[in-house]
Structure formats: structure tokens, C-alpha cells
Amino acid sequence: MSNAHKNSLKSLPSWAALDAHAEHISSQHMRDLFKEDPDRFNRFFTEAAGIKLDYSKNRITPETMSLLMDMAREAKLPEKIEAMFQGKAINTTEKRPALHVALRNLSDESIMVDDKDIMPEVRDTLKQMDQFVWRIHSAQWRGFSNKPFTDIVSIGIGGSFLGPKLVSASLKPYWNNALNCHYVANIDGSHITEVLKHLNPETTLFIIQSKSFGTQETLENTKVARSWFLRNGGNLETIAKHFVAVTANTEAAIDFGIQQENIFPMWDWVGGRYSLWSAIGLPIALTIGMDGFKALLSGANAMDTHFRTAPLEENLPVIQALLGVWYGNFLGADSHAILPYDHYLRGLPAHIQQLDMESNGKSVDLDGSPTDYTTGPIIWGGAGANGQHAYHQLLHQGTRLSPADFIIPLQSHNPVANHHAILFANCLSQTQALMQGKTEQEAKQELLDGGLSEKEATKLAPHKVIQGNRPSNTLLFDRATPRTVGALIALYEHKVYVQGAIWNINSFDQWGVELGKQLGNEILHKLLKEPSTNELDSSTEGLINLYNGQGQST
């Protein structure tokens, strides 16, 4: 602790207490904790906004949770939570609030930014979306040949892509069958080529999602879409029938040919990875309808209310976040797996990956001092049972500790034969195996019972040992409805903020991303053989020369 600067998390009394407690608990196995406490499941179970959380399969005792709550209070977490809801400039480097919660504020409460109530503008945008969706669904708005739209193509990247794509896919059972939704993000020309290949320009509507209307990947893909449209029956006058925009740069969108009434706003107080609740969610609203979109907002709002008002000890995002701090800062975990056992939620790991890693991938605190403790984990994962035949092996027998969230609905949208019971059994067996493991004695006896000799069983048994004591959370909900999906995503948003608040970092800027954009523009000049005075390292120069055909192949 002598190396910690005075404002460091490590200087808090709770840090030393947790450090000592981690040493004590390292010798305890969860298998024994369950035996010692028959009520462990009920002790470490809570629910809110339709989401149930079983966190009993964690390397914790009541003392662990008490110490983690002490840390939260010493880090002034309750005050930091309230600061977000009050519109304080918690994005300190950009001097902005982070008010995604305002987008799903369904009350009459005002939310002030720079002495201005932002809620009238939020409500007006919802009305604009409502009218727009009605016009498309009722075929009041048609394409240039007077045919109703059949396909929507959303062009964006990052938060303008991952969040809406996740939600529209997760709510496929609620889609309006008259419309298909497609997403384009990758600057690799193969992406937009494959999407456009199967579409009819007469019945395709494009949504351009870019705050600046100048994000390189989005703008270049938009140019390709426009060229395709103009080559296949469209003209400059009919662009307005087939292109709408979500942007803060109204002038650029109008110059492109989009009518002002078809331009939806974006605000500086909403970060991209938190923006699916805004007009960025237009693809969601078009696929599931505005009633469904409002139910999505309602679910998120229910989680917001819980997060703001529930005691820390019963607070789902707080509990989830503190468990992550426990493993990352005291037990040596450097990653966290997101494992949805729901085909429709298969995009959740990618969205949480951006949400968490772009938010908390920071190495200086709010004062600009280097952190002397670990911050954001590596987020990874994939669709439920598929992973059991792939990377779950590392979770069970690898040398790395990676806590995991198992996410599953109690009911399936598609109850085929016994599929959901089998899926549920797979999910529970994985969490049980991670917790319980298999001792060498158990492995050896199993082999002996299978007919192996004493010598053979003794030799093979170590390979079948599974240490167990691997932590997991199980998140359940009745079914993936708009409301529960909204609550689930909001849960993870708040978890990320809590961890950033504990680590005393800014979860709402992304300067590492900005550097990549800046250097990319400089390199592009050289790739296009345009004048450039920038000096690059020999590796980058060599790779540019290979691209330009100047390198020697071996």
C-alpha cells in the first residue's frame, strides 16, 4: 500500500481488509461453502425489473459482500449514482453528462443540462419516431415506384450498430413481418456488397446513423449505398424517399439529399454505446413497432429506478459490479465471459464487449494519475450450449480464472419437443460443474467403475481432475420480451458505471479509439499516394509499400 498515491482506491481502509480476506478465502472451496450453508441460494439471490440473479456460485461469504459494500460506500458510490441521474458532468474529460437514463425517463420529472430541461426534446423525438414508424408500417410512405418498403438497411458503426443489432435480433419473435432489417458497419467492402446483393432498391429504406455525418466507415458505406441506388432506378430527387438520418449534423444530411423532417437528433450527452434508446433505435422501432420500442424503454427505466433507489446490498448492478471488482482486483481474474443460453440473444456478448471495454479500458484515474490497480476486464463469450463444445474447456480446466454470466429465459419463444429443458439442463450443469469440479479421488473411482485397472486409473485420473471453485452468475427472466431485454441491457450499463465509479475512472470517453481514427487518416493519405509529410515507423511504412505494390514478396 506504500506505493499507492493518496487518492488511490488502494488507500481506502476496505482495500486492505479485502486484500486480507482474499488470502483467507483462497483456501476455501465453494463446494464446502454450499455444504456449510443450506440457505446459501436464498442468501445470494435477488431480483428486480423482471431479472433474477443467482450469485451463490461465487467465491464469497457474507463477509466478502459486506467488505465490498464498505468499499462502495468509501468510494462514494451512492453519490456518484445520484450525480449521473441529476445530469452532472460525470464525463469529466469532455465536460458532459452521461444521460442515457433520460432517454427512457417515462415520468414527468425534468432533467436539466446547462439549466435547460432536456426532456421536452426527448419526448418530441419519440413522437417523431412514432409518426415515422406509422408512415412506414401503414405504407403511407413508399419508395420511388410507389411500392411499400420491404427492407431496412441501417448504416452505422460502434454503438450505432452493435446495440440496435443486438436488440432487433433478440426480439425477432416480435418483428413486423412486412419488414426485414439489415445492418452494415464494416468498412470492408464485402459487407455492404453482400447486403445489397439481395435487395430491391425500389423497396429499400436506408437509415444513416452518424452523429457527425462524417464517421469514415459510415460515410463511405453510405456513398456506396447511394451509388447503388442511383444505378438501379433511383435519382437525386428520389433520394429523399429512401434515405433518412440520425445525426447532429443536420446541414450535412440535407446536403446529401435527406429532407429535414426525416433527420432525427443526436445529443452530446449520450455516448454511442449507450444510444440504442434514442433515435439510433429506429431500426428496432421499425422491426418491432413503437409499442415494442416503448416497452423496451420501460424495462430499462424499471432497472434505472431499481439502480437509483435500491439499497446497495439488494442492488443488481451494484452486486454484479462489485463481484467483478472482487475477482479482478483481489483474485487475479483478467476476463469475464458472457454466455447467453438464448439464440436470439447471441449478439449480447459483442454489445457488452464494446459497452464494458470501451468504457472501462482506462489506465488513469479522474485526476489523470496512473491507476495502481487493475481496471476493466476482457469481455468475451458466445451463444450458450455451442460454447460448451468449444471454449468452456478453458473455463473448467485452464490455468486462467474467468468468471462467467450464464443468461437464460425460463420459457422459450419456440418450445420444440424437449429442446428448452435440454438447454436449461446444459446451462445449470455448466454452472454446477464450474462450482463443484471433480476431485482426483472421484475421477479415479469413476475410471475403476468403468473397468480400468488400478494402474491405468491412477495414471489417467489427473487428466480428469476439474478443480471447480470457478465462479459464475446465473441471470434468469421469464422470456426475452422487449421489457426484459431493456432491463437486461440497462443492468449491464449500470454495472459498467459502478465499476468505473469504484475505480475512479471516466467510463464515458474513449481517447484510445480517437487515436486510431487520427492515425488511420494519416496512413490513408499514403495508401492513396496523396501528399503527406508524416513520418511513420519502418514497420508501418513497409506494410504501406506492400499495399502499394512496392514491397518484395518472398
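Before you click anything: the model is predicted, so local features need pLDDT of at least 70 and side-chain atom pairs count only at pLDDT 80 or more, while totals for chains, interfaces and linings use all residues. Residue numbers start from 1 along each chain as its sequence is written, and side-chain values use heavy atoms, with hydrogens and water left out.

**Stop 1: two helices**

Select residues 13-25 and 316-330, helices H1 and H14. Helices here are DSSP runs of H or I with at least four residues, strands are runs of E with at least two, and both are numbered from the N terminus. The H1 and H14 axes come within 11 Å and cross at roughly 75 degrees. Axes are lines fitted to C-alpha atoms over the stretch in contact, with angles running from 0 to 180 degrees between N-to-C directions. H1 and H14 are therefore roughly perpendicular (65 to 115 degrees; under 35 is roughly parallel, over 145 roughly antiparallel, the rest oblique).

Now show side chains. On the H1 side, pick Trp15, Leu18, Asp19, His21, Ala22 and Ile25; they meet Trp326, Asn329 and Phe330 in H14 (contact means heavy atoms within 4.5 Å). That contact divides into six nonpolar, two polar and one charged residue. Nonpolar covers Ala, Val, Leu, Ile, Met, Phe, Trp, Tyr, Cys and Pro; charged covers Asp, Glu, Lys and Arg; the others, Gly among them, are polar.

**Stop 2: rings**

Switch to the aromatics: the whole structure holds 21 pairs. Rings of Phe, Tyr and Trp (its six-membered ring) pair if their centres lie within 6.5 Å; planes under 30 degrees apart are stacked, over 60 edge-to-face, the rest tilted. Zoom in on Trp141 and Phe149, an edge-to-face pair at 6.5 Å centre to centre with 75 degrees between the planes. Trp141 and Phe149 are both buried (buried is under 20% relative accessible area, exposed over 50%, partly exposed in between, using a 1.4 Å probe and protein chains only).

Next, pick Phe206 and Phe243, which are stacked at 4.8 Å and 15 degrees. This pair links distant parts of the chain, with Phe206 in strand S7 (204-209) and Phe243 in strand S8 (243-246), 37 residues apart. Phe206 and Phe243 are buried too.

**Stop 3: two loop residues**

Asp114 has a positive phi of about 50 degrees although it is not a glycine. Find Asp114 in the loop between strands S3 (112-113) and S4 (116-117), exposed at 74% relative accessible area. Finish at Ala417, another non-glycine with a positive phi, about 45 degrees. Ala417 lies between strand S12 (404-409) and helix H18 (419-436) and is exposed at 70%.
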